[in-house]
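Have the viewer open and follow along.

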Amino acid sequence: MSVAQKDYKKVTVKTLNDMKAHGEKISMLTAYDYTMATIVDGAGIDVILVGDSASNVMAGHKTTLPITLDQMIYHASSVVRGVNRALIVVDLPFGSYQSDPKEALRSAIRIMKESGAHSIKVEGGKEIKESIKRILNAGIPVMGHLGLTPQSIYKFGTFSVRAKEEQEAEKLKSDALLLQKAGCFALVLEKVPAKLAKEVADMLDIPVIGIGAGNGVDGQVLVLHDMIGMTKEFHPRFLRRYLNLYDDMTNAISQYVDDVKSVDFPSDKEQY
């Protein structure tokens, strides 16, 4: 059943809570540069995540671990300049917040001051609660992230679905409540069973945004480059490709090469 949507001129942390209260689903996509951010924001997205997935789709790394704080600030700054409406969330990269709450605060402050973003996101629960508290005490909004946490991929050893067993599922629910109590404004659940994700969304007052977590949560997030088909080899069950830009762009570039070689481009009308 569709829910009447309110026309939010500017999406804020409060907006997301209002949307959950009214039963309106939250739309979220990644962006890493000005041009893409302008398009995504103009299309009406609610939340833009400047994800550490930039490490994969922008820099070609196998994991999210190599991307640095300086690089995240660069990407976030580019996105901020292209956005008028969406709430901008920036991932704190691996190594910038996990072990030292003071370091976590310094990292979050740098992102907020140097990029102009609206909030940050961190991966983990109980083990990083002191870092979260330190950041929140400075007035910086924090989004949590549980389930499959890509910064811990070498700990997991696999990208498989998380929290299928009761013990891990109970820890996830405990961590979700902890993050809410600490003051996080929202939570991402990645690659967990749909039934568990709905349980978590129903028991929390804050919005729960899923990626591979079923449709019982409060919103959805995908990596933009996957959703529009710029990536080709990534085929998880949760991904719906709305375009096939990999083939479209390949064909367009091949046609350009042919036109240049044959002197079909530029034509008489395309020169001065």
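Which residue in E7 does Leu189 stand opposite? Leu189 faces Gly210 in E7. This is a predicted model, so to speak: local features need pLDDT of at least 70, side-chain atom pairs count only at pLDDT 80 or more, and totals for chains, interfaces and linings use all residues. Residues are numbered from 1 along each chain as its sequence is written, and side-chain values use heavy atoms, with hydrogens and water left out.

**The barrel**

Eight strands close into a barrel, running in the order E1-E2-E3-E4-E5-E6-E7-E8 with parallel pairing. Strands here (E, at least two residues) and helices (H or I, at least four) are DSSP runs, numbered from the N terminus. Two strands pair if DSSP finds at least two bridges between them. On average, neighbouring strands of this sheet are turned by 25° against each other, direction ignored.

E6 (residues 186–190) pairs with E7 (residues 208–211) in the parallel sense, over four bridges. E7 goes on to E8 with two bridges, again parallel, and there Ile209 stands opposite Gly219. Finally, E1 (residues 26–30) and E8 (residues 219–222) run parallel and are joined by four bridges; Leu29 has Leu222 as its bridge partner in E8.

**The helices**

Axes are lines fitted to C-alpha atoms, for helices over the stretch in contact, and angles run from 0 to 180 degrees between N-to-C directions.

| Helix pair | Angle between axes | Axes apart |
|---|---|---|
| H4 (residues 69–80) and H5 (residues 101–115) | about 35° | 9 Å |
| H5 and H6 (residues 129–137) | about 45° | 8 Å |

Contact means heavy atoms within 4.5 Å. On the H4 side, Leu69, Asp70, Ile73, Ala76, Ser77 and Val80 touch Ser107, Arg110, Ile111, Glu114 and Ser115 of H5. These divide into five nonpolar, three polar and three charged. Nonpolar covers Ala, Val, Leu, Ile, Met, Phe, Trp, Tyr, Cys and Pro; charged covers Asp, Glu, Lys and Arg; the others, Gly among them, are polar.

Towards H6, H5 uses Pro101, Lys102, Ala104, Leu105 and Ala108, which meet Glu130, Ser131, Arg134 and Ile135. That contact has five nonpolar, one polar and three charged residues.
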